[in-house]
Amino acid sequence: MTPYVVTGLGVASAIGIGREAFFDAVHAGVRATELVEGQRPETFDPSAYMPLPANARVAEVRGFDAAKYLGDKGLRSLDRLTKLLVVAARLALHDARLKKDGAWASGPDGKASGPGPAETGMVVSNAYGSLEAITELDRVAVLEDARYINPSRFPLTVSNSAAGYVSIWEDLRALNVSVSDGNCGALDAVAAADAMLENGRAEALLVGGAEAMSEALFLAFHRLGAGGGAAQAPGAQGTVQACIGEGSALLVLEEPASAANRGAPALAEVIGYGTSFRAPERDAALVHPSPEAMQRAVEDALADAGVEARAVDLVVSGLSGLRGFDDAELKALGRVLGEDTAVVAPKMGLGETLGAGGAIGMATAIALLRLSPGPVAPPYLVRGGLRAAVRTVLVTSLGYYGNASALVMRAAAS
Amino acid sequence: MCSRALNTRRLGPSRVFVTGVGVVSSIGLGRAAFFEALEAGASGISPVGSFDASPLGRLYAGEVKSFDARDHTTQGEQRRMGRCAAMALAAARMAVDDAEIDAGALAGPRTAVVVGTTMGEARILAELEYEWIVRGPQAITRALIPRYGSTLLPIHVARAVGAQGMVLALPAACAAGNYAISFAADLIRSGRADVVVTGAAEILQELQFSGFVRLAAMAPERCQPFDLNRQGLLLGEGAGMLILESEAHAARRGVRPQAEVREYGLSCDAYHITRPHPDAAGSIVAMRGAIERSGLTPADIDFVNAHGTGTKANDLAEAKVMRDVFGDRRVPISSMKSMLGHCMGAASALEAIGCIFTLETGLYPPTIGYDTPDPECDVDVVANKARRGKSDVVLNNSLAFGGYNAVTLFAKPGVLPPPLPRPRRPARPPAVGPSA
């Protein structure tokens, strides 16, 4: 892929909202996945029909108040997914200095100083859409009558609705692309953004993902016996479940020349991408982890970046606590990078955020590119240790259906 | 994959060809039946049979009644997928057959699968939600849960054809087909794939149906794009899948290309979540983009396959685009939604295959039910009967929820000069819209 610089980052996560708050929380290894005595989920309350299981923890963006970032007008018709995404977009555009105080940046002469609405767009990943809105309408349709469903909420049931609302709120007109590839989607969004930027379809793109907590999402994982735990170091006692999380993260990607033209400093670079799919050996299987797909995705990402395996200082993995998947991912990483390379798992702290997972992984990678080697282990460490200052980071994600994606990031040239 | 990708890129832009198409539609399954029905101006509209629509006061849709997943998929596949994936897979298999491509030639990392949709397996989700809402969370069928998710559409197809490259779903609402086909073409042009199985699929489902009724957008019986007495859209369902190949790959196996996927234009209205911008500014940018990026001018366009939903907002916006882009030249335009209803995510994939029909046969598919021209839509509608005309270069226009606009340009193989070098920097489009 063409190398791109990251000139801005917007995050609304369970461990912090905004770049600095997020970086601080990552560096401190904050865990929103830990069970807090007496704390109940904020986004739903299953206690009416089932005793809350002892391990029913979810990693929510607790106390999330979109009005704090967006003002209190126009929010009523939006769902949680849209609010999370719009907040991340607004923060990212301002962090990248594409906007200032809500307006597109301009020079002293009043003319645009960089990409404006017609040159800026977004590519965003989401796995399950607005289950909140779909459930709301389904409840009305099933328990009352389909004739009474709220037409102003209906557009929220369409998968790209949240992304569409971002374009309206932030006036992004170059393009708007939604991708869906489970927990690999946000890394694939970078590949789609590459196709758009390298062909001049936009100058700056918001790239990342979002997923919102909902009762339906929690129940789905809970029924499968796959929700309620959290990523742990391999060999740790306990759960084989993931802690379901939510959040949004958007990176602003530009070609280095575009960023330099407007004097925007780079937070990091994105330099290589790989993806792969493998069908399961058993025809009956649907959900299956593929170490072969993960290995191929990593090898391709390194080749695409022109980076040797031994140059990787740190892996920001997608390990989530689902033991079979975690083992497969670690196995693939071991085959390519050896067993000593530091592997961290931000899902230990943020939970499995699905469509946002890779985006939060990229945001974590940027936070960790500031780490220096030392006696202190990196946060969310599951294997290995740092040998040198973190310059090159591999971000990985292993999908539930035999798919896997990987991305190479490195420290910005100083 | 990637080192080869870099080498390919140095050779300059590759042409991307359509070498096979597959169709599941309310007017026919497979290329031959679909093309015949397009030529005849057949209607796929009928009373909805899969659920009781009568309390909603609307009865009609372009439901695909002749599709039985068992005719197109294995028992194992039927156990692990819903109707939407089954339609996508059936259409993909037809496209593979149509492209006369060996299974071996598709297997491996150089084949990708990119599928568009709006809601994917909406019926599976509805079933899960029904169990939960009516009978409680313990009644939710566990085995059904992993079968939901748009992600699965390309996964099922990739498994069936042995693809090991990118598998990606593009949920781009009613422009999803154009998004998928266009992004697939980019994957080939940039050297990331030799072959992409691409297209889109959508199924009719009760919640969507109710939603469009509640938006007061649904016609009672007929979808009449550009007609003065239009009463709105009708929903439909189906799948359109295409095999896209690099020029080199197609040449190596000696296959006859059906069309060139030349270029596309994208934009976003950033205006309203469901309505097109009344100025159609974004849609104009997208159409001009597709033409200019192809190295062509509006004078080169022979026909436009319309988005043509049959709502007044859409028709007026689209007529405005035609006037703005083509000026006084009345380029023929037609809406297949008059025959199929609005197949949402699948719509622009089926319409892309309609473009292939035009390039191959020299016929423009008709807009049926076109009785009374709307003076506010001063466009040359291909009324009621297929029309023969010049058909070297055609556009597939689409708009979608979220303000998405996507226009893809298809050309008869061999009529266009080699593609332009890829621009490194965008030509900044003229400022558009109210706040630019």
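## Chains and their elements

The model is a predicted one.

## Overall form of chain A

Chain A has 414 residues, for which a compact globule would have a radius of gyration near 22 Å; the value for chain A is 20 Å, which agrees. Taken along the principal axes, the C-alpha atoms of chain A fill a box of roughly 60 × 55 × 40 Å.

Of the residues of chain A, 65% count as buried. Among contacts in chain A with a separation of 6 or more, 78% are accounted for by residues 24 or more positions apart.

## Overall form of chain B

For the 436 residues of chain B, a compact globule would likewise have a radius of gyration near 22 Å, and the 20 Å of chain B agrees with this. The C-alpha trace of chain B spans about 60 × 55 × 45 Å along its principal axes.

In chain B, 65% of the 436 residues count as buried. Residues 24 or more positions apart make up 80% of the contacts in chain B with a separation of 6 or more.

## Domains of chain A

The domain assignment of chain A gives domain 1, residues 4–268, and domain 2, residues 270–411. The centres of these two domains of chain A, taken over C-alpha atoms, are separated by 21 Å. To their contact, domain 1 of chain A contributes 60 residues and domain 2 of chain A contributes 49 residues.

On the side of domain 1 of chain A that touches domain 2 of chain A, two or more residues come from each of strand S1 (4–13), helix H1, helix H6 (185–198), strand S7 (204–211) and strand S8 (247–254) of chain A. H6(A) gives the most to this side, with seven residues. By class, the residues of this side of domain 1 of chain A divide into 36 nonpolar, 18 polar and six charged.

## A helix pair in chain A

Two packed helices are described by the angle between their axes and the distance between the axes. In chain A, the axes of helix H1 (residues 19–28) and helix H12 (residues 357–368) come within 9 Å and cross at roughly 75°. H1(A) is therefore roughly perpendicular to H12(A).

From H1(A), the contact is made by Phe22(A), Phe23(A), Val26(A) and His27(A), and from H12(A) by Ala363(A), Thr364(A) and Ala367(A). The contact of H1(A) with H12(A) has five nonpolar residues, two polar residues and no charged residues.

## Domains of chain B

Chain B is divided into domain 1, residues 17–252, and domain 2, residues 261–411. The C-alpha centres of the two domains of chain B lie 21 Å apart. In chain B, 59 residues of domain 1 are in contact with 58 residues of domain 2.

The side of domain 1 of chain B that touches domain 2 of chain B takes two or more residues from each of strand S1 (16–25), helix H2 (31–40), helix H8, strand S7 (195–202) and strand S8 (238–246) of chain B. H8(B) gives the most to this side, with eight residues. The classes on this side of domain 1 of chain B are 34 nonpolar, 19 polar and six charged residues.

## An enclosed helix in chain B

Among the buried residues of H7(B) are Leu152(B), Ile155(B), His156(B), Arg159(B) and Val161(B). Just after H7(B), Gly162(B) takes a positive phi of about 80°.

## Contact between the chains

How many residues of chain B are in contact with chain A? The contact joins 74 residues of chain B to 74 residues of chain A. Elements of chain B that each supply at least two residues to the side touching chain A include helix H1 (2–10), helix H6 (122–135), helix H7 (152–161), helix H8 (176–189) and strand S9 (259–268).

The largest share of this side of chain B, seven residues, comes from H6(B). The residues of the side of chain B that touches chain A divide into 45 nonpolar, 18 polar and 11 charged.

Key:
Residues numbered from 1 in each chain as written. Chains lettered and ligands numbered in written order. Predicted model: local features only at pLDDT ≥ 70, side-chain atom pairs only at ≥ 80, totals over all residues. Contact = placed C-beta atoms within 7 Å. Helix = DSSP H or I, 4+ residues; strand = E, 2+ residues; numbered from the N terminus. Nonpolar A, V, L, I, M, F, W, Y, C, P; charged D, E, K, R; others polar. Axes fitted to C-alpha atoms, helices over the stretch in contact; angles between N-to-C directions. Parallel < 35°, antiparallel > 145°, perpendicular 65-115°, else oblique. Domains from an automatic or database assignment. Rg over C-alpha atoms; globule rule 2.2 N^0.38 Å. Buried ≥ 20, exposed ≤ 12 C-beta atoms within 10 Å, placed from the backbone.
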